[in-house]
Amino acid sequence: MAKKNPRGGSAVAPAVNTRFVTLAAGICALGGLLFGYDTGVISSAILFVKGDFALGSTAEEVVVSAVLIGAVLGAAFGGRLSDRLGRRPVVIAAAAVFTLGAIGTALSPAVGWLIVGRIVVGIAIGVASFSAPLYISEVSPPAIRGRLVSLNQLAITLGIVVSYLVGFALSAGRGWRWMFALAAIPSLLLGAGMLAMPDSPRWLEGRGRTGDAAGVLRRIRGTRDIDGELAEIKASLGQQGGGWRELFGPLVKPALIVGVVLAVFQQMTGINTIVYYAPTIFQAAGFRSSSAAILATVGVGVVNVGFTVLALLLLDRVGRKPLLVIGLSGMIVSLGLAFALPGLLTNNGWFAVVCLMLYIASFAIGLGPVFWLLISEIYPFRIRGLAMGVATVVNWGANFLIALTFLSLSSALTQSGAFWLYGIITIGALVFTVRMVPETKGRTLEQIEAHWRSGKHPRLMGK
Ligand code: BGC
């Protein structure tokens, strides 16, 4: 099923075997589903774990945040490994760890065991969060790379909604063990699916395995005519050194800054205060019954999924940067509207719902998918895993910090004050995006790499 690249935009416009690359991206995106599910499920599970293990508030916080600590660790060690061992083995290893973690946490006899189990699950999340987009990016043709990589973000949002629904369904029976155990199903599917997939042609070529790289390229492009693309990959691999020195070297520094700063902004603009605390916010806004608050939360999750689908449809047409600008502007408006006017939120439940929906829709169309997409595209091959790992560590670290500080920030500044602060940070994110973020739409990974070597400003990419 070989098709011509419909949009072009690159010197070497590869044919598209859409079915194969979509399948590969879909399997890999199960890592995203687990990311969303395993981070979301704790909000329901903790209600019962707390009672069964008689936890105090510190122990409760440790159980909730253990997964974030694991994710920082996983991202810290996984990046280098995916450069050394290959993208595919690392995703398979993450799937094995996910499975182990799901079964281990479900069987926890005591709280210590549960905490270790959640750290193990977190390690798998940390690894999967960057290695899934990395693999998808390296097998995708440029014309649809945005959509394919962002399948992972779509899966994250689906995982979050599924975790809310599973939590809701199993609450009556206090079934927290099943909440954790169910994650074993997508984990096993991820592992089995990736075993059937080839490694990325770019990684194979980087290891000098040209024959294998050519074979995979033929398979994933659905054509024998891959010489141009292979030559382009080869040429770019000959250019660089690799390792920490290159990562901090002058040529890669702009890309490093873009990834790390966007990682901070993706979290510091407050997304996970909504994902983790939406029911609490809704209760403060006047939804007194907890089932109404949970239902409103499911609504927020569904809007997140819906607008991520819209982003998928637009990323390769409109480009990454315009969506980021539109999304950040929408976040600023919604944060400003609701939260800069203290008193509007409290006892004004429907107004809170509308603002939260607008906020999450704006995140879903911009910063959500675009951050993970850009960090899978902008780094040169030899340090791609390492650099993505660094941006991912920063992302999970910032996530941890926000989760830890939101409640105390809310009591120090009031909830409105906390969101007002996120609004100011979002303005910073918008200014940074306009000035520094490159447009990668339609360009091959090798063309993006060539841009850094030319020493031109990131903003000029594609111009
Ligand atoms: C972020 C997560 C967030 C999720 C919400 C992801 O891109 O990295 O922290 O929970 O989007 O959809």
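Modeller: Here is a short walk from the overall fold down to single residues.

Modeller: This is a predicted model, where local features need pLDDT of at least 70, side-chain atom pairs count only at pLDDT 80 or more, and totals for chains, interfaces and linings use all residues. Residues are numbered from 1 along each chain as its sequence is written, and side-chain values use heavy atoms, with hydrogens and water left out.

Colleague: How many helices and strands are in the protein chain?

Modeller: The protein chain has 21 helices and zero strands. Both are DSSP runs numbered from the N terminus: helices are H or I with at least four residues, strands are E with at least two.

Colleague: What is the radius of gyration of the chain?

Modeller: It is 22 Å, close to the 23 Å that the globule rule gives for 463 residues, so the chain is as compact as a globular protein of that length. The radius is taken over C-alpha atoms, and the rule is 2.2 Å times the number of residues to the power 0.38. Along its principal axes, the C-alpha trace spans about 65 × 45 × 40 Å.

Colleague: What percentage of the residues is buried?

Modeller: Buried residues make up 58% of the 463. Buried means under 20% relative accessible area, exposed over 50%, and partly exposed in between, with a 1.4 Å probe and protein chains only.

Colleague: Which residues touch the most other members of the largest nonpolar core?

Modeller: Met194, Leu262, Ile274, Phe282 and Tyr379 do, in a core of 135 residues. Helix H20 (residues 384-436) gives the largest share of this core, 16 residues. A nonpolar core is a set of buried Ala, Val, Leu, Ile, Met, Phe, Trp, Tyr and Cys residues joined through side-chain atoms within 4.5 Å.

Colleague: What does Phe282 touch?

Modeller: Not counting residues up to four places away in sequence, its partners include Phe287, Ala293, Val300 and Leu356. Contact means heavy atoms within 4.5 Å.

Colleague: New topic. How many residues of helix H2 are buried?

Modeller: Ten of the eleven residues of H2 (residues 30-40) are buried, so this helix is largely enclosed by the rest of the structure. Among them are Leu34, Phe35, Tyr37 and Asp38.

Colleague: And helix H21, is it mostly covered or mostly open?

Modeller: H21 (residues 445-454) is mostly covered, with seven of its ten residues buried. The buried ones include Glu446, Glu449, His451 and Trp452. Gly455 follows H21 and has a positive phi, near 80°.

Colleague: Where is Leu170?

Modeller: Leu170 is in helix H7 (residues 145-171). Leu170 is partly exposed, with a relative accessible area of 25%. Leaving aside neighbours within four places in sequence, Leu170 is in contact with Gly175, Trp178, Met179 and Leu182.

Colleague: How many Å apart are Leu170 and Gly79 in space?

Modeller: They are 36 Å apart, C-alpha to C-alpha, and 91 residues apart in sequence.
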